[in-house]
Amino acid sequence: MATRDEILGNVDRVVIKVGTSSITMGGSTPSASFMDDVAEQVAYLKNQGKEVLIVSSGAVGIGLKAMNAKPKPNEIPIKQAAASVGQGILMQKWNESVQKVGLNVAQILISMDDYSNRDTVLNLNNTISTLLKYGVVPIFNENDAICIKEIGAAFGDNDTLSAVIASRADADLLVILSDVSGLYTANPSVDPEATLIDTVERITPEILEIAGGPGTKLGTGGMKTKIKAAKICQDAGCMMIIASSSEKDIVRRTVCGDNVGTIFLTDSAITKKRRWMKSVNPHGKIVVDEGAMKALLAHRSLLPVGVKFAEGTFDAGAIVDIECAGTIIARGCTDYGSEDINRVRGMRSDVAKTVLGAKMKYKDVIRSENIALMP
């Protein structure tokens with residue numbers, strides 16, 4: 001196998017995800033020294049000709065401290081208010097640190113509702129491209145302040161968000177800085193025999209099994225979310241590294257090929273449209289029979305004859321889950337709304353055409369190019 005520096009030799013665009021425990025260095029306020037250090041390493045990478053994007057956690061925890069608030073576990077309004085307060089403090093600190101090295105930052109707040117809108121996500125592409133063209137460092141966070149679903153439930157956490165951004169931005173590498181040194185064979189805090197896994201070529205059931213739960217009190221991400229992020233990256237043809245933020249020069253060292261943390265390799269990528277479909281919130285569900293499932297797994301279209309029923313209310317162009325025997329096998333962008341799909345379910349396409357008439361522009365319920373296999 002190639003060495004780490006050989007594997008990373010052609011990396012040009014990097015996303016750095018910084019967790020809450022890293023931002024605060026285990027406390028409850030931003031660590032200026034840590035953020036200054038990250039900014040210096042970002043400047044070094046940019047001087048090497050690399051483009052850098054940052055996904056930064058910490059707004060809720062920082063805001064709670066500033067407000068002197070201690071919400072109950074499910075007390076969402078206080079956490080939303082804290083996100084609003086903390087985000088301003090967080091960006092102020094990032095701006096101060098990055099300006100010290102002669103760079104500018106841009107804030108981009110995004111929710112899953114935003115990301116699920118195709119037009120919005122295409123505009124996001126344009127914004128990212130323009131910022132990078134002008135040498136600006138984009139800093140992303142979830143828009144927790146206005147969307148209840150965002151706090152621990154939509155993207156789920158900033159591990160997933162960082163992978164989505166890496167996928168959307170066509171990044172070559174995602175570096176997740178955490179309070180752990182990488183993926184271990186077992187939980188190192190309870191098992192003295194646990195050893196660090198250097199390289200993950202494929203995300204196998206065994207890899208999923210050893211992923212643990214959440215780590216620190218202020219953060220929401222655990223190893224399971226990092227493995228999910230790695231899967232999103234693999235779909236995008238993007239490598240990912242989990243490394244400890246407490247190690248010296250960790251950003252520079254990971255990107256430049258030092259053998260630190262755990263690297264997740266990739267050998268294939270799916271189209272950006274399919275990546276987007278796999279990441280967004282579905283608006284409904286289509287349940288299909290086994291014949292349709294076999295056709296979908298063979299990368300063919302979904303025809304009306306294979307549809308048992310559509311669940312939920314959605315229009316043509318909606319993203320829906322496709323389910324067979326209780327398992328979601330794919331996600332797709334429909335050519336017809338739920339009402340029309342239920343009118344022609346189980347019919348041959350020529351018969352369905354007599355039912356829908358001129359409304360039926362395609363013989364398929366979902367064309368093959370608009371289907372992404374799951375997971």
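This is a predicted model: local features need pLDDT of at least 70, side-chain atom pairs count only at pLDDT 80 or more; totals for chains, interfaces and linings use all residues.

Which residue lies over the face of Tyr362? It is Arg367, at 3.9 Å from the ring centre. A charge counts as sitting over a ring if NZ of Lys or CZ of Arg is within 6 Å of the ring centre and within 35 degrees of the ring normal.

Residues are numbered from 1 along each chain as its sequence is written, and side-chain values use heavy atoms, with hydrogens and water left out.

Let me turn to the sheet. Eight strands, as in 8, form an open sheet with mixed pairing, in the order S3-S4-S2-S1-S5-S7-S8-S6. Its edge strands, each pairing on one side only, are S3 (105–110) and S6 (199–200). Strands are DSSP runs of E with at least two residues, helices are runs of H or I with at least four, and both are numbered from the N terminus; two strands pair if DSSP finds at least two bridges between them. S3 runs parallel to S4 (residues 137–142) over 6 bridges, and Ile110 has Glu142 in S4 as its bridge partner.

Next, the second largest pocket, with a space of about 480 Å³. Among its 21 lining residues, those closest to the centre are Lys228, Lys231, Ile232, Lys278 and Pro375. Helices H8 (158–168), H10 (223–235) and H12 (272–279) each give two or more residues to this lining, and H10 has the largest share, at 6 residues. A pocket here is an open set of points on a 1 Å grid where a 1.4 Å probe fits, with protein on both sides within 12 Å along at least five of seven lines; lining residues have an atom within 4 Å of a point.

Finally, the salt bridges, of which the structure holds 20. The criterion is a side-chain nitrogen of Lys or Arg within 4 Å of a carboxyl oxygen of Asp or Glu. Asp235 and Lys278 form one, their closest N and O atoms being 2.7 Å apart. Because Asp235 lies in H10 and Lys278 in H12, this pair ties together parts 43 residues apart in sequence.

Key
Grid points are joined across faces, edges and corners, and a volume is the space filled by probe spheres set on the points.
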